[in-house]
Amino acid sequence: MKKIMVLGSLNMDFVISVKEMPQVGETILGKDVQLVPGGKGANQAYAAGKLGGNVMMMGAVGKDLYGDKLLNNLSRVHVDTSAIQKLDDVPTGQAFVSVYDTGDNSIIVIQGSNGCVDRAMVDANRKYLDECEYIIMQLEIPLETVRYVKDLAVSKGKKVIIDPAPAVPDLPDEFWKNVTLIKPNETEIGILTGRKVSTVEDAKEAAKILVGKGVETVIVTLGGDGCLLVDKENEKYFPANKVECIDTTAAGDSFIASLVVALSEGKDYENAIAFAQKVSSIVVTRQGAQTSIPCRTEIQDGEND
């Protein structure tokens, strides 16, 4: 099994259950609030660790209660936290997640310590990058850091996986060259390419644009409609496993993490996607971010049914 590095954000999530999104100027009553370890980077590292991957994480937290809780939670599922720095005078990142009765959510993120993940921090931990074959990044840390690590990892022959969330428009073509895999959803790929994406065919055409810019493989997640794989030779649609959706928080994070775990174990893309879909179909039936992620035995039990 190849080693995985997740470079990204760590947040304490304040998950608020509400009936529906309030209108501008409207006050509504929430049902409850929970504090749940989150952040796209931490979610992905946690999921990879809980699913049996050989994974470590690089990032930053504040020297506060939330930071301690996030580190302890990752260690509990055997994620190596040696490359996570604890910073003075900067709070741990926070996210305020509203979950609606439909199962959809909206999220406001306060960067905090995540905004301090810079080139100097990467250089101080470069030995850990050298140990890993797969490098997973998102866009909740400074974009310049993502660019720097992408170029560094490519120069060392690593496999670079980018989950482009939150999506950034008008990225230079150079950013995409030699990226092994990106995993946008339909909204994100629309932002990345400047195209309206409302159908599978739209997603396919947008994915071709990114492949043309140098991305080896694009996997577009389409929520309850499944996902789409596009590379230079292939265009393949994978329907979703049908389940009752409760909360979509961390569904995308668990998908990319489980996909890379499967790839690190030697599976091809088709089998890795099948594994990732099984994981994410469990995640959406549970509330919260890391609290919703299944362990490996739950997936294996489902495979034996």
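**Entry 1: Aspartate 253**

I began at aspartate 253, which sits in helix 9. Helices here are DSSP runs of H or I with at least four residues, strands are runs of E with at least two, and both are numbered from the N terminus. I noted that this is a predicted model, where local features need pLDDT of at least 70, side-chain atom pairs count only at pLDDT 80 or more, and totals for chains, interfaces and linings use all residues. Residues are numbered from 1 along each chain as its sequence is written, and side-chain values use heavy atoms, with hydrogens and water left out.

UniProt, in an unreviewed entry, gives Asp253 the feature "active site". Its positions follow the numbering used here, feature names are shortened, and annotations may be inferred rather than shown by experiment. Is aspartate 253 buried or exposed? I found it buried, because its relative accessibility is 3%; buried means under 20% relative accessible area, exposed over 50%, and partly exposed in between, with a 1.4 Å probe and protein chains only. Leaving out residues up to four places away in sequence, aspartate 253 touches Lys40, Asn43, Gln44 and Asp163. Contact means heavy atoms within 4.5 Å.

**Entry 2: Aspartate 163**

Beyond four places in sequence, its contacts include Lys40, Gln44, Lys183, Glu188 and Asp253.

**Entry 3: The binding-site annotation**

Which residues does the UniProt annotation "binding site" cover? I read in the unreviewed entry Asn185, Thr221, Leu222, Gly223, Gly224, Asp225, Gly226, Gly252 and Asp253. Of these, the lining of the largest pocket includes Asn185, Thr221, Leu222, Gly223, Gly224, Gly226, Gly252 and Asp253. On a 1 Å grid over the protein atoms alone, a pocket is an open set of points where a 1.4 Å probe fits, with protein on both sides within 12 Å along at least five of seven lines; lining residues have an atom within 4 Å of a point.

I then looked at two of the annotated residues. Leucine 222 is in the loop between strand 11 (217-221) and strand 12 (227-231), and aspartate 225 lies in the loop between strand 11 and strand 12. Leucine 222 is buried at 7%, whereas aspartate 225 counts as partly exposed at 48%. Leaving aside neighbours within four places, leucine 222 is in contact with Glu186, Val200, Ala203, Cys227 and Tyr237, and aspartate 225 with Tyr237, Phe238, Pro239 and Ala240.

**Entry 4: Cores and helix 9**

I turned to the largest nonpolar core, which has 51 residues. Such a core is a set of buried Ala, Val, Leu, Ile, Met, Phe, Trp, Tyr and Cys residues joined through side-chain atoms within 4.5 Å. Where does its largest share come from? Helix 9 (residues 251-264) supplies it, with eight residues. Leu259 is one of the residues with the most contacts inside the core. Apart from this core lies another of 44 residues, including Val122 and Ala203.

Helix 9 and helix 10 (residues 269-283) have axes that come within 8 Å and cross at roughly 145°. Axes are lines fitted to C-alpha atoms, for helices over the stretch in contact, with angles from 0 to 180 degrees between N-to-C directions. Among the residues making the contact are Ser258 and Leu259 of helix 9 and Ala272 and Ile273 of helix 10.
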